[in-house]
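Let's take a walk through a protein fold together. Keep the 3D view open and turn it as you read.

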Amino acid sequence: MALIQVNSPCQIHPLLAQSWRTRLPKHIVIVANSGYLPGRVNFSARSTSANVLEFLRAQQISEGEGSYGHGHDQASGGSLPQERWQELLLKIGFPREAIAS
């Protein structure tokens, strides 16, 4: 698993995830953009070796605003409020110290 966190008003997270999946072919690459929509984290997940759609759908977090786990087996993502995004990262297994607020 590779996590890249950016803060940009531009929708660059899908392009970055697509680019990095070829550089890290054995990993699921998640690019999270906290600057695209106020109060939300929009993210893209890409992989050449794993089913990211299945992976994201398996991560059950609390009910609430936003959604994730749409797309197809090598490309997925979502848009979540900051608190649910942090909950998702913890569920995936990232340490609290790796999560930018």
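**Starting from the inside**

The largest nonpolar core here has 17 residues, and those with the most contacts inside it are Ile30, Phe43, Ala45, Tyr68, Leu80, Trp85 and Leu88. A nonpolar core is a set of buried Ala, Val, Leu, Ile, Met, Phe, Trp, Tyr and Cys residues joined through side-chain atoms within 4.5 Å. Buried means under 20% relative accessible area, exposed means over 50%, and partly exposed is in between (1.4 Å probe, protein chains only). At least two residues of this core come from each of strand S2 (29-33), strand S3 (40-46), helix H2 (52-58) and helix H3 (82-92). H3 gives the most, with 4 residues. Helices (H or I, at least four residues) and strands (E, at least two) are DSSP runs, numbered from the N terminus. Apart from this core lies another one, of 5 residues, among them Ala2, Val6, Ala17 and Val29. In soluble globular proteins, nonpolar side chains tend to be buried together.

Before going on, keep in mind that this is a predicted model: local features need pLDDT of at least 70, side-chain atom pairs count only at pLDDT 80 or more, and totals for chains, interfaces and linings use all residues. Residues are numbered from 1 along each chain as its sequence is written, and side-chain values use heavy atoms, with hydrogens and water left out.

**The sheet**

Now find the strands. Two strands pair if DSSP finds at least two bridges between them.

You can see both senses of pairing here. S1 and S2 pair in the parallel sense over 5 bridges, and Leu3 has Ile30 in S2 as its bridge partner. S4 and S5, on the other hand, run antiparallel and are joined by 5 bridges. His70 stands opposite Gly77 in S5, and a hairpin of 2 residues links S4 to S5.

Zoom in on two serines. Ser44 lies in strand S3 and is buried, with a relative accessible area of 5%. Not counting residues up to four places away in sequence, Ser44 touches His13, Pro14, Ala17, Val29, Ile30, Val31, Ser76 and Gly77; contact means heavy atoms within 4.5 Å. Ser79 is found in strand S5 and counts as buried too, at 15% relative accessibility. The side chains of Ser79 and Arg40 are joined by a polar contact of 2.8 Å. A polar contact is a pair of N or O atoms within 3.5 Å; within protein, one must be able to donate a hydrogen and the other to accept it, and residues adjacent in sequence count only if both atoms are side-chain atoms.

**The helices on the sheet**

What about H1? Its buried residues are His13, Ala17 and Arg21. They cover an arc of only 70 degrees around the axis, which puts them on the same side of H1. The arc is that of the directions from the helix axis to the C-beta atoms. What covers these buried residues includes S2 and S3. Turned away from the buried side, the other face of H1 carries the exposed residues Leu15, Thr22 and Arg23.

Which residues of H3 are buried? They are Arg84, Trp85, Leu88, Leu89 and Ile92. Their arc around the axis is only 145 degrees, which puts them on the same side of H3. These buried residues pack against S1, S2, S3, H2, S4 and S5. Just after H3, Gly93 takes a positive phi of about 120 degrees.

Finish with Leu88, whose place is in helix H3. Leu88 is buried, with a relative accessible area of 0%. Leaving aside neighbours within four places in sequence, Leu88 is in contact with Phe43, Gln59, Ile61, Tyr68 and Leu80.
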